[in-house]
Amino acid sequence: SQASFEEDSQKQPAVGHWKTLMPSKGSKEEPETGCQDAGGVDETQSTEQLNMSRLRSSSVEIREKGSEFLKEELHKAQKELKLKDKECERLSKVREQLEQELEELTASLFEEAHKMVREANTKQAASEKQLREARGKIDMLQAEVTALKTLVITSTPSSPNRELHPQLQSPSKAGFRKGHGRNKSTSSAMVSAAQNVTPEPVSHECKEVDSILFAEFQAWKESPTLDKSSSFLDRIYREDIGPCLDFTKQELSELVRVAVEENTLTIEPVASQTLPLLKVSAEECGGPKKCALSGLPRTCKHRIMLGDSGNYYYISPSCRARITAVCNFFTYIRYIQQGLVRQDVELMYWEVMRLRREMSLAKLGFYPSEM
């Protein structure tokens with residue numbers, strides 16, 4: 001039996017040939033040396049297998065430890081990346097906040113600088129405007145004085161002038177004043193005209209309110225403006241202002257009209273001394289003996305300046321009367337616009353009509369001798 005064979009093999013080494021339990025088909029017996037070689041190969045193979053298994057186990061262990069180490073390093077790197085991302089985000093927010101504050105500071109500085117420049121320009125423009133108005137109102141105030149004197153001697157139904165209406169005085173005063181005339185005024189030509197002209201005086205003329213003109217004036221009075229889009233000013237521009245400022249020199253006439261509208265026209269008397277050289281030709285500006293607006297040889301006692309151009313233009317008395325009439329009209333409606341005129345609407349309407357009549361007379365060539 002196999003057990004007894006194993007025992008015998010352990011007791012004494014086998015010598016010679018031995019038979020296999022399961023012989024192959026080719027040969028029934030094999031030499032003893034072949035069996036020994038086969039036993040050595042098996043031991044070598046088992047050793048190699050053992051070594052391979054050890055190597056495999058060690059490589060697996062090394063791989064596992066390496067993977068664990070790499071996982072730990074990866075985890076640390078991810079944590080560091082997260083921290084760096086948070087730090088970058090924080091720094092980005094700080095940078096954006098600083099940029100925003102810088103932009104706001106720059107904008108506020110620019111706004112403050114522009115505000116200071118605007119205020120300085122506004123003050124300068126106001127000062128220049130006041131200077132121009134002070135220069136331009138010299139003749140306007142003279143014309144207003146003349147107009148006020150005219151209003152004093154002019155009778156209205158509500159307040160008649162008793163000196164112009166003797167029938168309203170008592171008989172004793174009327175008889176006492178009979179044959180005595182009024183002293184002539186050296187400052188107002190209209191006063192002397194009222195004394196010397198024998199036809200019906202101005203106070204005796206009949207007046208009737210035109211419903212269309214009065215309605216247009218009332219509509220304009222509700223919201224007074226200098227815009228020509230209103231029917232009130234549009235009519236006056238077409239009927240009075242336009243024809244009154246329509247001179248032979250069309251280009252200069254347009255400049256004069258714009259200056260009158262913007263209240264930048266200056267009229268001053270011509271000085272007796274020699275004037276400095278002008279920037280434009282003498283033909284354009286005229287001269288003491290030639291009117292720049294009409295182009296006719298006339299004795300020019302006044303000259304005008306448009307805005308701050310520094311150029312003076314000599315004008316004849318007739319042209320000055322036309323310009324002054326338009327300036328008086330604009331002055332009065334500006335007073336109405338600013339709320340300086342506190343009268344009844346009908347009284348303001350008749351004053352506007354009187355100024356329109358002055359423009360009509362001036363454009364027809366009538367002007368006081370003092371011009």
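Me: What should I know about the model and its numbering before I start?
Reply: This is a predicted model, where local features need pLDDT of at least 70 and side-chain atom pairs count only at pLDDT 80 or more, while totals for chains, interfaces and linings use all residues. Residues are numbered from 1 along each chain as its sequence is written, and side-chain values use heavy atoms, with hydrogens and water left out.

Me: What makes up the secondary structure of the chain?
Reply: Ten helices and three strands. Helices are DSSP runs of H or I with at least four residues, strands are runs of E with at least two, and both are numbered from the N terminus. The order from the N terminus is α-α-α-α-α-α-α-β-α-β-β-α-α.

Me: How much of the chain is buried?
Reply: Buried residues make up 26% of the 371 residues. The term means under 20% relative accessible area; exposed means over 50%, and partly exposed lies in between (1.4 Å probe, protein chains only).

Me: What share of the contacts with a separation of 6 or more joins residues 24 or more positions apart?
Reply: 65% of them. A contact means heavy atoms within 4.5 Å.

Me: Why is α6 called roughly antiparallel to α9?
Reply: Helix α6 (residues 231-244) and helix α9 (residues 317-337) pack at about 155 degrees, with axes 9 Å apart. Axes are lines fitted to C-alpha atoms, for helices over the stretch in contact, and angles run from 0 to 180 degrees between N-to-C directions. Under 35 degrees counts as roughly parallel, over 145 as roughly antiparallel, 65 to 115 as roughly perpendicular, and the rest as oblique. The α6 and α9 angle therefore falls in the roughly antiparallel class.

Me: Which residues meet there, and of what class?
Reply: L233, I236, Y237, I241, P243 and C244 in α6 meet R322, V326, F329, F330 and I333 in α9. The contact of α6 with α9 has ten nonpolar residues, no polar and one charged. Nonpolar covers Ala, Val, Leu, Ile, Met, Phe, Trp, Tyr, Cys and Pro; charged covers Asp, Glu, Lys and Arg; the others, Gly among them, are polar.

Me: Is P243 buried, exposed or partly exposed, and why?
Reply: P243 has 30% relative accessibility, so P243 counts as partly exposed. P243 also lies in helix α6. P243 and K363 are 120 residues apart in sequence and 6.7 Å apart, C-alpha to C-alpha. With neighbours within four places left aside, P243 is in contact with Y237, R238, R322 and K363.

Me: Why does V326 count as buried?
Reply: V326, in helix α9, has 0% relative accessibility, so V326 counts as buried. Beyond its neighbours within four places, V326 is in contact with I241, C244, L245, V260 and M359.

Me: What makes F329 and F330 an edge-to-face pair?
Reply: The structure holds eight aromatic pairs. In this one the ring centres of F329 and F330 are 5.8 Å apart and the planes are at 70 degrees, so the pair is edge-to-face. Rings of Phe, Tyr and Trp (its six-membered ring) pair if their centres lie within 6.5 Å; planes under 30 degrees apart are stacked, over 60 edge-to-face, and the rest tilted. F329 is buried at 0%, and F330 is buried at 3%.

Me: How do you know that charges sit over the rings of Y237 and Y312?
Reply: The charged end of K228 is 5.1 Å from the ring centre of Y237. For R303 and Y312 the value is 3.7 Å. The term requires NZ of Lys or CZ of Arg within 6 Å of the ring centre and within 35 degrees of the ring normal.
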